[in-house]
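Me: I would like to learn how to read a few features of a structure. Could you take me through them one at a time?

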Amino acid sequence: MRTLFGCLLVSCALTANAFEKVALVDIHDFWWQYDIETVEGLRQTMEHVAKTGADSALVRVQLGASVRFPSREEFDGQPSFDPPIDKRRIPSNTAGGWLRLNRKEPDHLATTAKLCARLGMHFGYHWSMEENHLSSWSLGGWNLAHPRYWCRRFDGPLWPGRASVAWPEVIDHKIKVFDEALTYGPDTVLVDFYRCHAGEPEWDYVKPAIDDWKRLHPGEPVPSDWHDARWIRHIKRYHHEFLRQMKAHAGNRRIWLGVDYLDEKGTDYLLNRRGVDWRELVRGGLVDGIVVMSVVPNWNDPWRSTKRIYEGVMRDVAGRCPVYFPVKAYTATIRPGIGEYVKRTGLGEVDVVRRFLEMAADVGGAGIVMECVDYKVYSDPVCETIKAFSPK
Amino acid sequence: MSGMAKTNGLAICLAALLAGCELVEPVERRICAGEEPQVSPDERQIVFQQLRNGSYDVGVRELATGAVRWVSEGPGDAIHPTWAPDGSVIFTFGHETETALAAHRKKVETGWNLYRWKDGRTEQLTKGRFRDYAPSVTTDGKTLYFASTRAEAQTGLRSERVQMFRMALAAGAKPERVWGPDNVCSAAAVSPQLSPDGRLLLWAGADGATDVWHVRVSRVEKPELAADLTPPTMYAYSPKWSPSGRRIAFAAVTPDFPDWGVWTADPQKGELVRVAEGTNPSWTPDGRSLVYDRDGAVWMKPLNGSFPRLAMTDDSDRAPSQVVFRVENPALESVHPLPKEAAFGSDDFYLKVKYRLDKPTKDLQLLVKMQYQKDTVAVVMLEKDTRPTFGVRHDDDTYAPLDSVHRVAGGRDHVLVGYRSGDAVYLSIDGGAPEKLMFTHRTLDYREPVSLTVGEKCACSVSLVEVGRGRPKEFPASPGLDELFGREVRK
């Protein structure tokens, strides 16, 4: 029933607004403003998100590998249970470190899905794999119980608690968790490898990957340098297999893929740093949308270079699936947000955002993505601009 | 500091696998459902935690009859039970009745605290919005050791850190910090336990999100100088001294034994023995058997059989460091050629600078920069707020500096020593305890040295710059197992 409701909601929303405005939301990051362990706190959070003008909210499903719903698969058949202190996890003493978002009451995802429906936003997931925030405290229970699947570097070190999808058993587990999460009725799942450092080919020197290498490349030693294009191509197969299975299980829900660090030189961060070839996935029909999470413009000519990057993506996608472009609040390393464009171009933030919106529409983008909506990171005038924007 | 043992100090190498071809392992015996078992000092009872109706309770089971008394029941979780010599049970209890934010706003004073149960009565030993856990009691019954987050602030976003504490075993006693990692995110020292002779401290430690847990031992008076008992490729936690203090049991995985196993270490014999599948081991008081948990059940196994074993070797590197470059009173913005000996590759090296900042400045102060053919790979600088920073470049082209938590006053000389060892960097200020940062990537190989620049963009005076291979004298080496066990435990 929840699934059916979600699908109906999607179709309404998409009909109503062809240029989608998508908010990526880590509800965890609202813990300081709102009591997100309560229905009231989640209501306040999602109302705050809706004020951005978003017609779609993709919420994070997990912190680390700890999922935010009472998963039987993750918690070994014990729904809504997470051991209070496991000596292999390192607790955080911050107030946020005491959050428990996998309770049965209130069910975090079910509540958020209902709130999205009430607020006229369609509901989906920002599936950030095993993201690294609170990286020890958030280690998944299943991962801890199965150390044989942990990530490993060529020179030996393990990444404890992080499981490699080169193991079929890990993909099986993640797909079971995915199936459980789908019962809450998301219409879209944005898969984000960027936030998952353990997803780097550097950490995939695990037995299945090495055995496959030996079988497929007889006589060739396993590349010791994980940057080696041959190793990246090799590891790509496991990440793509995981996405293929997600797509197969997703049914009529949309699987989007986030791509990062795009520049005019065509640097392929997602391939080189995460072993995921987004162009190949688009060609193969394994993703239903590309979300450009960030670009790296040439600051000598920021707007035209940004536009050239957008056009390059559209060329590569060649109409096979919709493309969404960023209206990004934060600047992180060389991934500029609104503030950096303001600083570099001298324009006001509203003008910068308007340019982002117009540029996304001009190149034929299907919408924009706000990465990510935290408490008041998009100012009121910016939100009004986003809300009011409609492509000419 | 103890983590340095992982890469260049005391390292224990796997020297042999499977000493015997035919292994005749003794039969294990299932005791009951539960986890974290410990047999009582009188050997008549076993204490354990068990998941019952959605929360953990601690129970005491009579080994002869199987009768169980529940130390805790009802709402809330009781975990990590341990015996005191007088037959009382110490455990951690937590019951969250508020949401995280509500508890924070109401300044709730309870967290996961330690309790003592004796003769059917329970008393609270620690208080506060912390997680106090993994306790142990000294052989004389006077002192309680435990892990805690109590040294950490309740604000900020995402720090994870656990340190070791001790206190007199009495309600109202004040916990005292023993030691723990400073300024390192996702680092911890957990499961502290004093050796039966009171000389050595044992714990499990991790130095960063990508670090495996190590079983560590130090002299009790010098916990900052610890030896890793377990090899770098072994993930090991939950250690327990044997009653004689000659051996240590712990849970671990290794590349060759990738599922959770109960292991023992015998430093005098120099061997690691895999006893059983399971976790959270502890010794029977006679030292002849281990109890442990697996799949939610408590098991017991005698040690009078043959088991897979690995050899331990102590290959501690205590070679003195070697200075490869040194300049006194260099001019600001002077550029000095680096000798070929500064091609450190992936070996350990250090960069020392003595400087004086005459007045605080709002600008970043670049004290020393080492230039290699490929890139700038190592710098020592002062952030805008005068916090020192030492950073190296990684093989993924990112630059992740260790930013000290300490601010350094102007108007007098200071000595900063940055040290790169393995996948970590360390920084010591004026001879103080080093701070540490571990990386998810390997640091760059340092080949083809070019130059060293002093005081670029710097409103300060520099009186010494020194670059050297190996561990600088400001970073004392951890003691070896021979020192810790050969002379102390053996007698």
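**Reading the model together**

Reply: Gladly! Let us start with B:Gly208, found in the loop between strand 15 (200-206) and strand 16 (214-219) of chain B. Helices (H or I, at least four residues) and strands (E, at least two) are DSSP runs, numbered from the N terminus. This is a predicted model, in which local features need pLDDT of at least 70 and side-chain atom pairs count only at pLDDT 80 or more, while totals for chains, interfaces and linings use all residues. Residues are numbered from 1 along each chain as its sequence is written, chains are lettered from A and ligands numbered from 1 in the order in which they are written, and side-chain values use heavy atoms, leaving out hydrogens and water.

Me: Is B:Gly208 buried or exposed?

Reply: Buried means under 20% relative accessible area, exposed over 50%, and partly exposed in between (1.4 Å probe, protein chains only). B:Gly208 counts as buried because its relative accessibility is 6%.

Me: Which residues is B:Gly208 in contact with, leaving aside its neighbours within four places in sequence?

Reply: Contact means heavy atoms within 4.5 Å. With those neighbours left aside, B:Gly208 is in contact with B:Cys185, B:Ser186, B:Ala187 and B:Met438.

Me: How should I read the sheet with the order 26-37-28-33-34-35 in chain B?

Reply: Two strands pair if DSSP finds at least two bridges between them. Here six strands form an open sheet with antiparallel pairing. Strand 26 (322-328) and strand 35 (435-438) of chain B are its edge strands, each pairing on one side only. Strand 34 (residues 424-429) of chain B is joined to strand 35 of chain B by four bridges, and B:Leu427 has B:Glu435 in strand 35 as its bridge partner.

Me: Which strands make up the closed barrel of chain A?

Reply: The barrel has eight strands, running 1-2-5-8-9-10-11-12, with parallel pairing. Neighbouring strands of this sheet are turned by 25° against each other on average, direction ignored. Helix 7 (residues 229-250) of chain A packs on the sheet and touches strand 5, strand 8 and strand 9 (254-259) of chain A; the directions of helix 7 and strand 9 make about 150°. For such angles, axes are lines fitted to C-alpha atoms, for helices over the stretch in contact, and angles run from 0 to 180 degrees between N-to-C directions.

Me: Which kinds of residue line the second largest pocket?

Reply: A pocket is an open set of points on a 1 Å grid over the protein atoms alone, where a 1.4 Å probe fits, with protein on both sides within 12 Å along at least five of seven lines; lining residues have an atom within 4 Å of a point. This pocket is lined by 40 residues, with A:Asp76, A:Arg88, A:Ala145, B:Glu35 and B:Gly296 nearest its centre. The lining divides into 14 nonpolar, eleven polar and 15 charged residues. Ala, Val, Leu, Ile, Met, Phe, Trp, Tyr, Cys and Pro count as nonpolar, Asp, Glu, Lys and Arg as charged, and the others, Gly among them, as polar. Helix 4 of chain A gives the largest share, four residues.

Me: What should I look for in the backbone angles?

Reply: Most residues other than glycine have a negative phi, and most peptide bonds are trans. The bond from A:Glu105 to A:Pro106 is cis, with omega near -10°. A cis peptide bond also joins A:Glu371 and A:Cys372, with omega about 0°. B:Ala134 has a positive phi, near 50°, and lies in strand 10 (residues 132-137) of chain B.
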